[in-house]
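Keep the viewer open as you read.

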Amino acid sequence: MGKLIQRQKIRYRIRKKVAGTATKPRLSVFRSNADIYAQLIDDVNGLTLASASSRDKDIAAQKVTKIEKSKLVGATIARKATELGLNTVVFDRGGNLYHGRVKSVADGAREGGLQF
């Protein structure tokens, strides 16, 4: 079994237990080799409330490591969530280990004022 298939199975297992609502959305993290993306998702209505990524102009312009960029993505998504009046979210690591860049997104979001 390949790594991608294994990760997809883990993702499905997580998604069975984790769901977002309008008042407590799901903070979904997608990690590619080069970039990292975060979304606040309301699963009940099927809407993306806010998103941030390392490809945003203000984050991509900074010459820092990928882990530090991930922390900036977390802070950005936290700022957008507070603008929407949200302060609690459900964290969805997207089948990745809670380590490295995925962990730094969560840390940045916590420092930005979000609660998990």
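Start in helix α3, where R79 and E83 are four residues apart and so are separated by about one helical turn. Helices here are DSSP runs of H or I with at least four residues, strands are E runs of at least two, and both are numbered from the N terminus. In general, an α-helix has 3.6 residues a turn, so residues three or four places apart point the same way. R79 and E83 form a salt bridge, with their closest N and O atoms 3.7 Å apart; the term means a side-chain nitrogen of Lys or Arg within 4 Å of a carboxyl oxygen of Asp or Glu. R79 is partly exposed at 41% relative accessible area, while E83 is exposed at 60%. For those labels, buried is under 20% relative accessible area, exposed is over 50%, and partly exposed is in between (1.4 Å probe, protein chains only).

A word on what you're looking at: this is a predicted model, where local features need pLDDT of at least 70 and side-chain atom pairs count only at pLDDT 80 or more, while totals for chains, interfaces and linings use all residues. Residues are numbered from 1 along each chain as its sequence is written, and side-chain values use heavy atoms, with hydrogens and water left out.

Stay in α3 (residues 66-83) and find K69. Beyond its neighbours within four places in sequence, K69 is in contact (heavy atoms within 4.5 Å) with I59, A60, Q62 and V64.

Back to the salt bridges: the structure holds eight of them. One joins R26 and D43, whose closest N and O atoms are 2.9 Å apart. R26 sits in strand β1 and D43 in the loop between β2 and β3 (47-53), so the pair ties together parts that are 17 residues apart in sequence. R26 is buried, at 7% relative accessible area, whereas D43 is partly exposed at 25%. Both also belong to a salt-bridge network that links R15, R26, D43 and D92.

Now move to helix α4, where K103 and D107 lie four residues apart, about one turn of the helix. K103 and D107 form a salt bridge, the closest N and O atoms being 3.4 Å apart. K103 is partly exposed at 35%, and D107 is partly exposed at 23%. What do the buried residues of α4 pack against? They pack against β1 (26-31), β2 (36-42), α3 and β4 (90-92); among these buried residues are R101, V102 and V105. After α4 comes G113, with a positive phi near 115°.

Finally, the largest pocket holds about 310 Å³ of space. Of its 14 lining residues, R7, R31, G95, N96 and L97 are the closest to its centre. The elements giving two or more residues to that lining are α1 (3-17) and α4 (101-111), and α1 gives the most, with five. A pocket here is an open set of points on a 1 Å grid over the protein atoms alone, where a 1.4 Å probe fits, with protein on both sides within 12 Å along at least five of seven lines; lining residues have an atom within 4 Å of a point. Its volume is the space filled by probe spheres set on the points, which are joined across faces, edges and corners.
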